[in-house]
Amino acid sequence: MRRITIFLLMGILFIGPSFAQTPKNHSPADIFHEIQKLNFLGTALYIAAHPDDENTRLISYLSNHVHARTGYLSLTRGDGGQNLIGPELRELLGVLRTQELLAARRVDGGEQLFTRAVDFGYSKNPKETLEIWDKELILGDVVTAIRKFKPDVIVNRFDHRSPGTTHGHHTSSAMLSMEAFDLANDPKAFSDQLENTDTWQPKRLFFNTSWWFYGSQEKFEQADKTKLLNVDIGTYYPILGMSNNEIASLASSQHLCQGFGRLSSRGTEEEYLELLKGDLPQNKSDLFEGINTTWTRMAGGTEIGAILDKVESQFNFKDPSVHLSDLVKAYQLLQKINDDHWRELKSKELKAIIEDVAGLHLEAFTTQAFSNPGESIELNLEAVNRSNADIVLESVSVNGEKLLIESTDLKYNELFKKQLKITIPNTTNYTSPYWLMVKGTLGTYTVTDSELIGKPETPRAFKATFNLLFDGVNIPITKNVSYKYGRPDKGEIYQPFEIVPKATSMLKDKVLIFSDGTPKQIPVTVKAHKDHVSGKVRLEIGDGWILDSATQPFSIEKKGDEQTLVFTLTPPATENESYLTSIVSIDGENISKELVTIAYDHIPTQTVLMPSEAKVVRLDIQKAGQHIGYIMGAGDDVPTSLEQIGYTVHIINPTDIDENSLDKYDAVVLGIRAYNVVDELSFKQRYILEYAKNGGTVIVQYNTAGRWADQFENIAPYDLQISRDRVTNENSEVKIIAQDHQLVNYPNKISSNDFNGWVQERGLYFPDSWSKEFTPILEMKDEGEKATKGSLLIAPYGEGHYIYTGLSFFRELPAGVPGAYKLFSNMLSVGKDNLSKKEQIKG
Ligand SMILES: [Zn+2]
């Protein structure tokens with residue numbers, strides 16, 4: 001149902017960049033809406049930190065009611081969060097969320113912009129954020145965005161005055177926006193940017209406030225509102241057959257990997273904007289008051305405006321093609337305008353409208369999903385004119401090179417078809433997100449081509465330009481080359497046409513843990529992206545590690561097929577960390593990339609080339625016990641990690657838990673947020689605690705306070721209160737406060753070194769109060785905060801043990817952090833130092 005509504009809506013709102021997707025047909029109402037936007041020369045930029053921060057109600061209002069060109073500058077691509085719909089995390093999650101933002105903008109009519117900032121995970125304050133981001137670099141990117149997009153008004157999602165009350169990324173986005181507002185017009189600021197851009201002074205800066213920022217509805221009612229503007233974002237658009245908040249709901253429902261699919265809202269609703277910079281409008285609902293948003297804004301624009309205003313006021317809904325000659329005339333005049341910014345922007349909009357009123361369908365497609373540099377492909381061209389206008393197709397160019405020169409009259413509804421053979425130049429770049437081509441830092445992406453900075457995605461490698469004559473006036477219209485195919489179960493599908501290497505390789509495990517000196521077999525899977533491909537695979541690794549063979553040959557007959565080669569890797573005798581890289585060599589070309597495909601129905605399929613590498617860790621780790629029972633919670637990779645160090649992990653189905661079913665395990669571990677998401681546990685909790693009482697070890701990883709509280713008296717055998725305490729700096733100092741406890745001594749001696757090299761954070765949702773039976777083991781804190789002792793708590797219970805930990809093992813183990821493995825092994829080994837009674841019985 002959802003897909004159907006989105007499909008219908010796409011027909012309604014044309015706005016936004018058109019990438020390889022099903023071409024949209026536009027009704028006269030859509031075209032009229034396009035013309036309304038064409039005739040508004042004003043720009044708004046909304047600024048926040050993450051995908052889903054943006055207020056789609058306001059973006060849609062500015063785009064569809066005010067008709068402004070409206071952008072959303074999301075400083076990051078949201079790499080740091082979780083994924084509710086698939087396996088993509090980190091960089092790949094950033095790619096998915098980038099596409100979800102673009103999908104949202106296709107619905108609400110906005111455009112999408114980014115900086116090079118990485119979403120590195122939760123940050124408590126802007127000070128930490130701006131250090132990790134490299135403040136000057138990201139400030140420069142915000143200034144670039146303003147200089148290129150040229151907004152008249154800027155709207156901040158967050159308050160720059162309240163650091164510490166929300167995610168540090170949020171406050172930082174507002175602080176950077178405040179600074180950039182003034183710097184964008186200063187020629188001395190970021191002067192190197194001025195080779196490609198001009199300075200620009202926005203007129204007003206707002207903070208998109210609401211009662212929430214005031215603490216309560218009541219406080220907001222009483223607050224001084226002299227500097228507040230308010231707009232009705234529930235307004236109904238008869239032309240579109242939808243209200244603004246309905247469009248906004250559909251737009252934010254594109255953020256599916258964050259679980260933002262939601263019901264539509266309807267009816268009048270106020271949105272508030274607090275003026276931070278610039279002059280206060282008299283009309284408290286007009287953000288653009290006093291800003292010239294008509295065609296007279298550009299030198300020479302008066303005549304164009306007169307023509308286009310007439311088209312709008314006399315628009316013919318029965319036959320929009322009657323306006324073609326006026327639109328072509330306006331286009332011709334527009335080409336004489338000196339103002340590059342407005343000429344380019346309005347030419348693009350005007351061309352789209354000309355295409356629509358003529359019912360013109362132009363497309364360039366392949367029937368193969370991808371190709372390699374140097375290969376030849378068939379390119380299909382189609383053009384059809386569904387109006388009585390005199391339109392001639394003069395020529396077609398691909399990437400600027402004229403390939404088809406034969407003047408053809410596009411007569412009413414006569415389909416023009418042509419097939420061309422084109423060769424992919426050897427210099428063509430592989431398709432992949434530009435911000436992932438070179439390894440970045442923790443806080444920023446490295447982008448070598450400065451022209452790409454800020455762009456939502458890598459421009460497509462192949463574009464076809466149809467050079468058309470409308471009544472003798474030359475108008476070139478450019479289309480991305482797509483891959484088009486039909487599927488019996490889905491119908492017609494458009495996908496981006498990709499350029500990929502001849503073959504790529506993949507190491508199955510991204511982290512390999514060697515808990516002793518035993519060699520491991522390393523399968524390397526080579527995938528062919530063309531027929532008849534052969535070459536060699538080479539593995540590279542640091543000193544001390546030994547491979548049985550450094551290279552092996554491969555040969556694959558058919559495109560899409562795979563061949564797996566197995567290498568044997570022997571670790572060094574002592575602790576060591578290194579990276580294993582696989583390199584495919586074909587005809588002198590070395591490719592050390594893995595090809596990852598991200599495919600969902602709500603976004604265009606994405607192809608990402610990731611480094612083909614794995615982290616290898618030689619640990620000196622001791623362990624006691626063998627069989628671990630694992631009850632999955634919200635989903636984590638801890639079981640796989642435990643198997644890597646030699647444990648046998650049994651995934652327990654909660655419904656199977658009964659009186660003695662857990663006795664066979666040396667320890668029972670609950671996955672992250674198990675009590676939050678597994679309802680069944682409310683019936684099984686007593687068996688879990690009983691198991692501990694009888695001599696077992698129960699390890700509970702982090703849960704959030706809240707939901708389970710209704711169902712469980714307590715998740716622990718003794719009082720334990722979960723708070724929102726977290727330590728987000730992964731390098732923060734950790735003190736071992738229970739030096740003599742077996743948890744930090746047996747079977748592995750834990751020292752402060754074991755807290756080096758952690759990733760993203762120390763942990764979250766630590767308990768802040770507990771009964772005396774618990775022993776806190778560690779103490780830690782973020783800078784400027786008071787220390788917490790709740791990260792790792794252990795209590796004896798009957799003959800066994802109960803452990804509660806908010807430490808982020810679910811991040812550290814899959815990242816191959818040695819100290820985290822040792823500590824986890826100690827937790828699993830608790831009570832096994834002097835063979836417990838149970839162990840003796842087991843023999
Ligand atoms: Zn956010």
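Mentor: Let's start with helix 7, whose buried residues are Gly 168, His 169, His 170, Thr 171, Ser 172, Ser 173, Ala 174, Leu 176, Ser 177, Met 178, Ala 180 and Phe 181. The model is predicted, so local features need pLDDT of at least 70 and side-chain atom pairs count only at pLDDT 80 or more, while totals for chains, interfaces and linings use all residues. Residues are numbered from 1 along each chain as its sequence is written, and side-chain values use heavy atoms, with hydrogens and water left out.

Trainee: What makes helix 7 "mostly covered"?

Mentor: Of its 16 residues, 12 are buried. Buried means under 20% relative accessible area, exposed means over 50%, and partly exposed is in between (1.4 Å probe, protein chains only). The cover includes strand 1 (43–48), helix 5 (126–133), helix 6 (135–149), strand 4 (153–156), strand 5 (204–207) and strand 9 (270–277). Helices (H or I, at least four residues) and strands (E, at least two) are DSSP runs, numbered from the N terminus.

Trainee: How do you know whether the length of helix 7 agrees with 1.5 Å a residue?

Mentor: The expected span is 1.5 Å times one less than the number of residues. For the 16 residues of helix 7 (residues 168–183) that gives 22 Å, and the end C-alpha atoms are 22 Å apart, so the two agree. Helix 10 (residues 302–313) passes too: its 12 residues should span 16 Å, and its end C-alpha atoms are 16 Å apart.

Trainee: Which residues of helix 10 are buried?

Mentor: Ile 304, Gly 305, Ile 307, Leu 308 and Val 311.

Trainee: What puts them on the same side of helix 10?

Mentor: They cover an arc of only 165° around the axis, so they share one side of helix 10. The arc is that of the directions from the helix axis to the C-beta atoms. An α-helix has 3.6 residues a turn, so residues three or four places apart point the same way. On the other side of helix 10, Thr 302, Glu 303, Ala 306 and Ser 313 are exposed. The buried residues pack against helix 2 (28–38), helix 11 (324–334) and helix 12 (340–357), where contact means heavy atoms within 4.5 Å.

Trainee: Why is Ser 791 called buried?

Mentor: Its relative accessible area is 0%, and the cut-off is under 20%, so Ser 791 counts as buried. Ser 791 lies in the loop between strand 41 (778–780) and strand 42 (792–797). Among the residues that Ser 791 touches are Phe 766, Tyr 804 and Leu 807, not counting residues up to four places away in sequence.
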